[in-house]
Amino acid sequence: MPSRNERFLIEMSSGGFPWLTLVVFLPLLGVAAILLVEEALAKWVALGVSSLGFLVSLAPWALFDESTPAMQFVETHQWIASPSINYAVGVDGISLPLVLLTTLLTPLCVVVSWTAIQTRVREFMISLLVMETATLGVFVSLDFVLFYVFWETMLIPMYLLIGIWGGPNRVYAAIKFFLYTLAGSVLLLVAIIVLYFYAGAESFDILTLSDAEYPPWLQAWLFWAFFAAFAVKVPMFPFHTWLPDAHVEAPTAGSVMLASVLLKLGAYGFLRFSLPMLPDATQQFTSVVLFLSVVAIIYGAYMAFAQADLKKLIAYSSVSHMGFVTLGIFVLNAQGIEGAILQMVNHGITTGALFLCVGIVYERTHSREIVDNSGLATSMPVYATFLVIFALSSVGLPGMNSFVGEFFVLVGAFMWNKAVAAVAALGVILAAAYILWMLQRVVYGTPAKHMSSKLYDMNWCEIGMLAPLAFLVFWIGLYPKPLLDVMHASVDHLVQKQAKVMMVDAAPAVRAPAIAARPSSEADAPKAETR
Amino acid sequence: MMIPLADLVTILPELIVVSVACLLLVLDPITPSHRKDLLAWMSVAALAVCFIVTAGSMGDRVSAFSDLVVVDGYASFWKLLLYVVSGMTILLSIGYLKEERIDLAEFYGFVLLSLTGMMVMVSGADLLVIYLGIELMSISLYVLAGFKRFEARSIESSAKYFILGAFSSGLLLYGISLIFGAAGSTRLVEIAAAVDARGLDDSLILIALTLVIVGFGFKVAAVPFHMWTPDVYQGAPTSVTAFMAVASKAASFGAFLRVMLEGFGGMKPNWSGLILGVCLLTLILGNLVAIVQTNVKRMLAYSSIAHAGYALIGLVVAGWAGTGAGVSAKGVSSMMLYLAVYSFMTLGAFSMVAILRRGANEGEDLDDFTGLAKRHKGAAFLMLLFMVSLAGIPPTAGFIGKFYLFMAAVNAGLTWLAVVGLIFAAVSAFYYLRVVMVMYMREPSPDQESETRLALSPTATVVLALAAAGVVLFGIYPWPLVSLTASASLP
């Protein structure tokens, strides 16, 4: 019984230091501190707290037991007695990388806003930190209601970030973002309540709900309810239209948070809820989702070609890259899912870095148009170097992070269906085309005359901000093993559950080989059982 | 005739409130004008005493005056809520009435008289007693709505409220008389017995039931009986609007539920569909029409209609065919929870409108909120909190209220109703967030910038703090309120 085993492991790993609560709520402590200090110190406090948050979040990673799919660092406290809702948090190999990604990027968001945000600095930093708490809360929640609370809470600070500190059309973009995501998630709440009553376990515990069996017709309904919430957040084609608006109007820090962290929430939702809770429906509808993913890959890339605004170009490339993520998830094999998680982290690093790059140049030229920023290599050589690194990472150049993720996803897709993999691979080629074209114009084009006098190269602060991301680009590109090791056990567990459903299905013989986990995982799984 | 002492003890809170109300009317002329605040404090003190008395006797079911009045956990819950709400209204009014130059102590007397009516409503176990309570509440409110007696809008509000209120009372009374014809009594228990005896198809009782639902529909401002609400809410003094939107709605729902469940509990299949229709209309129309409002008071009026629609979900669940007693009680308790939560956030929002009223500034137009975040950070943040809570977004109490309602709906097999409710909650986010947008994302005009002070009296600060505390604390730790409503629910 995997469920009992899981329970046992939870018992075993709980009771330690509440690392996750500390990680999640540290930013809120920072908010309290910001309210107490004067406005000029607000950004220092925000930087200090978010950096500390990153350091603290390294602890769960260092102490993480890679051999088990069970939740670790679990804390459970009763929140509401009837119906039973708990404050329950924990991480596994799927959520831990995303937690680290969030804590890594928040201090960078503070730094990039250092001079860019001049008005209402205190409120800005508060919104950013509340946002961090809410996103971290989503990744570590083990109770579905708690998850939903964090999931929705996040909307308010993001709405304010876009709407107050954004560009000229910020109000429209903010309300569009808000209503799209809210409309998507209302069905999620109903689905959560329905799950509660059907599971009959008198619990909103995510693992308990995952262990319960639901009739296929119900799974189908719930699948689309979940899909509405998660697909808007990813965003999948055709629910992506809020993304370019939000990205273009948001301040740099907002764009980074959106691209690097917020978009991951939808994909995380698929991994944490749709796949394990609704395996039958997932099998049934996977081809629809795969189709939409492939459309997103091609369509996003195609739209990116046409953009004259750098932020919009990156926004559409995000749609394309997130298409790879959903593709990887719904091919339902270990390679695809690991590739998807890796791609989520990579996209967070690379796209976050690209938005930071745009923010840096925007501070100098006050324009995001490609024509206004051409020929930067002559006056800003260091900047040009970083831009080329991250752009090539976005293309998926071997030796860089995105290559590994996309490669895994494509391998997974190839095992599922060769045609899907072939079309998706086309997306990689298109990405190379639009990114290189962008680079050609921005880095190597004729310098835009009216700008050149104002341009100065990156200062140490900005280099310090991009250097760690550049390091991660190469680290993950050359040696992804530490990151993959964290995921193996959890992903295998997830895939085995899918495999079990496939075996029960009428025609298992055709696809069964495709979902077989890699040989080493067979060894991992029994190890977990015996612990 | 001797009235037994035990009966008088049972209605002790009502007696306290009504005697203080009369005392206020007597003391008003002989109190020097700079001491009028004392009378307000006196009424707050009376409410505090009542709170202790009611909270102390919470739980046991006592009936008095040969079963005309009943004091059970259910009635006590509503009374506790009503004390809090009335107290907050009075505290808010101390500064607001001065700003409007209508600071007469009669005001507090009428608030307490109206409160007496509400207390009688939620405690009434007889349709005539409930009717008496409704009239006492309504007549006091007619006076309060027209309290800005030099202003045409306020008088219009009062007159409109009076005419439509009297009309709806007439319908209700007609329904009661038909019931008396059918059951030979107006006691809820005997009505229930008559319903059992005469069956579900009795046309006399069906007509009476419809009239009763229409009468209460007016009082809780459910569509299609909501027409009076926007004009009356907009024209009345803001603190009175808050009182009407919160207290009178809560009391009317309290009485409505008891009548439907204890009197017509045997006819659930007959009325649950009707209530469901009213509930859907209210949800849809209230939320859609609120979108186009530019006056915040009017917007909040439509929002209060929409929230009546949400509260009605609880009644639909309680009456839905095939639901067991447990499910039905969950419907009742979720509605009680919802109205309690609604009271805090709505009072908070109206208080904010009240403190923006300053000098020539009406403070109730959407433009008056422009750039508020630049001028008054704290006030803007509180308004943000109330708006977010009204939209039902966590971690505020508004989410908890909706969550329990939808839990109850799904539990009763009304999943689609929960879906409709949630979709319209998303719609409502649009108009609530518009206030946030205006406050945070628009620049204040130069003369707004120069108008730096708010009409923020110390007592209004207390009201805002209480409302905000309710919205945040019940959002983060709702269990005390949840367990209270669960234990006080009607079976």
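## Contact between the chains

The contact between the two chains takes 25 residues from chain B and 26 residues from chain A; two residues are in contact if their C-beta atoms, placed from the backbone, lie within 7 Å. On the side of chain B that touches chain A, helix H17 (397-411), helix H18 (415-441) and helix H21 (479-488) of chain B each supply at least two residues. H18(B) gives the most, with 13 residues. By class, this side of chain B has 23 nonpolar, 2 polar and no charged residues. Here Ala, Val, Leu, Ile, Met, Phe, Trp, Tyr, Cys and Pro count as nonpolar, Asp, Glu, Lys and Arg as charged, and the others, Gly among them, as polar.

## Basis of the model

This is a predicted model, in which local features need pLDDT of at least 70 and side-chain atom pairs count only at pLDDT 80 or more, while totals for chains, interfaces and linings use all residues. Residues are numbered from 1 along each chain as its sequence is written, and chains are lettered from A and ligands numbered from 1 in the order in which they are written. Helices (H or I, at least four residues) and strands (E, at least two) are DSSP runs, numbered from the N terminus.

## Chain A overall

Chain A has 24 helices and 2 strands. Its C-alpha trace spans about 70 × 55 × 40 Å along the principal axes. Of the 531 residues in chain A, 60% are buried. A residue is buried if 20 or more other C-beta atoms lie within 10 Å of its own, exposed if 12 or fewer, and partly exposed in between, with C-beta atoms placed from the backbone. Among contacts in chain A with a separation of 6 or more, 79% are between residues 24 or more positions apart.

The mean pLDDT (the predictor's confidence in each residue, from 0 to 100) of chain A is 84, and 90% of its residues reach 70 or more. Confidence in chain A is lowest in helix H24 (residues 519-530), at a mean of 39, and highest in helix H6 (residues 144-153), at 93. Over residues 1-14 of chain A the pLDDT is below 50, and this stretch has 17 contacts in the model beyond near neighbours in sequence. Residues 506-531 of chain A also stay under 50, and the model has 37 contacts for them beyond four places in sequence.

Strand E1 (residues 72-80) and strand E2 (residues 85-91) of chain A run antiparallel and are joined by 6 bridges; two strands pair if DSSP finds at least two bridges between them. The two strands form a hairpin with 4 residues between them. One of the bridge pairs is A:Thr76 with A:Ala88 in E2(A). E2(A) has 6 of its 7 residues buried, so the strand is largely enclosed by the rest of the structure.

Helix H15 (residues 334-365) of chain A has 32 residues and reaches 45 Å from its first C-alpha to its last, close to the 46 Å expected. The expected span is 1.5 Å times one less than the number of residues. H15(A) is mostly covered, with 28 of its 32 residues buried. Just after H15(A), A:His366 takes a positive phi of about 55°.

## Chain B overall

Chain B has 21 helices and 2 strands, and its C-alpha trace spans about 70 × 55 × 40 Å along the principal axes. For 491 residues a compact globule would have a radius of gyration near 23 Å, and the 21 Å of chain B agrees. Buried residues make up 61% of chain B.

In helix H10 (residues 228-235) of chain B, 7 of the 8 residues are buried, so the helix is largely enclosed by the rest of the structure. Among the buried residues are B:Trp228, B:Tyr233 and B:Gly235. What covers them includes helix H6 (127-145), helix H7 (152-183), helix H11 (238-263) and helix H13 (296-319) of chain B.

B:Lys148 lies in the loop between H6 and H7 of chain B and is buried, with 21 other C-beta atoms within 10 Å. Not counting residues up to four places away in sequence, B:Lys148 touches B:Glu100, B:Ile102, B:Ser154 and B:Pro237. B:Ile3, in the segment before helix H1 (5-10) of chain B, counts as exposed, with 9 C-beta neighbours inside 10 Å.

Key. The radius of gyration is taken over C-alpha atoms; the globule rule is 2.2 Å times the number of residues to the power 0.38.
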